[in-house]
Amino acid sequence: GIKAGDRPILTHCQVLGNDLIERMASIGAIADVQPSFVPTDTAWVEKRLKPEQIKWSYCWQTLIKRGVHVAGSSDAPIESCSPLKGMYDAIY
């Protein structure tokens with residue numbers, strides 16, 4: 001099984017669920033989010049996700065409040081690799 005010392009990383013973390021967030025917190029997983037996806041994804045999120053899924057989408061503050069360590073990356077070359085753009089998109 002996975003132990004907290006293994007520090008598993010879950011990448012993207014765009015659409016989660018309460019059960020997954022609880023599991024991530026319990027095993028000490030790191031959420032590797034890509035803030036640059038926010039402006040890109042806004043064009044389709046509400047069209048493709050159910051309202052109950054939207055509640056658990058891009059919920060990085062919830063991850064932090066639940067004790068999940070959150071890191072950021074760019075997902076380059078799909079999105080820009082500019083760290084300043086990533087920081088801007090994180091607070092978009």
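**Note on the predicted model**

1. Of the 92 residues of the protein, 35% count as buried. The coordinates under review are those of a predicted model.

2. The secondary structure consists of six helices and three strands. Their order along the sequence is β-α-β-α-α-α-α-β-α.

3. As to overall dimensions, a compact globule with 92 residues would have a radius of gyration near 12 Å, and the value of 13 Å for the protein agrees with this. Along the principal axes, the C-alpha atoms fill a box of roughly 35 × 30 × 20 Å.

4. Contacts across the sequence also deserve mention.

5. Strand β1 (residues 9-12) and strand β2 run parallel and are joined by four bridges. Within this pairing, Ile 9 stands opposite Ile 30 in β2.

6. Strand β2 covers residues 30-33. Ile 30 and Asp 32 point one way from the strand, whereas Ala 31 and Val 33 point the other way. In a regular strand the side chains alternate between the two faces of the sheet. Ile 30, Ala 31, Asp 32 and Val 33 are all buried, that is, each has under 20% relative accessible area.

7. Regarding the surface, the protein exposes about 5900 Å², of which carbon and sulfur atoms supply 58%.

8. On charge, the protein carries 10 positive and 10 negative side chains. The centres of these two sets lie 4 Å apart.

How values were computed
Residues are numbered from 1 along each chain as its sequence is written. This is a predicted model: local features need pLDDT of at least 70, side-chain atom pairs count only at pLDDT 80 or more; totals for chains, interfaces and linings use all residues. Side-chain values use heavy atoms; hydrogens and water are left out. Helices (H or I, at least four residues) and strands (E, at least two) are DSSP runs, numbered from the N terminus. The radius of gyration is taken over C-alpha atoms; the globule rule is 2.2 Å times the number of residues to the power 0.38. Buried means under 20% relative accessible area, exposed over 50%, partly exposed in between (1.4 Å probe, protein chains only). Accessible areas come from the Shrake-Rupley method with a 1.4 Å probe; for residues, only the protein chains shown count as cover. Lys and Arg count as positive and Asp and Glu as negative; His and the chain ends are not counted. The place of a charge is taken as NZ of Lys, CZ of Arg, CG of Asp or CD of Glu. Two strands pair if DSSP finds at least two bridges between them.
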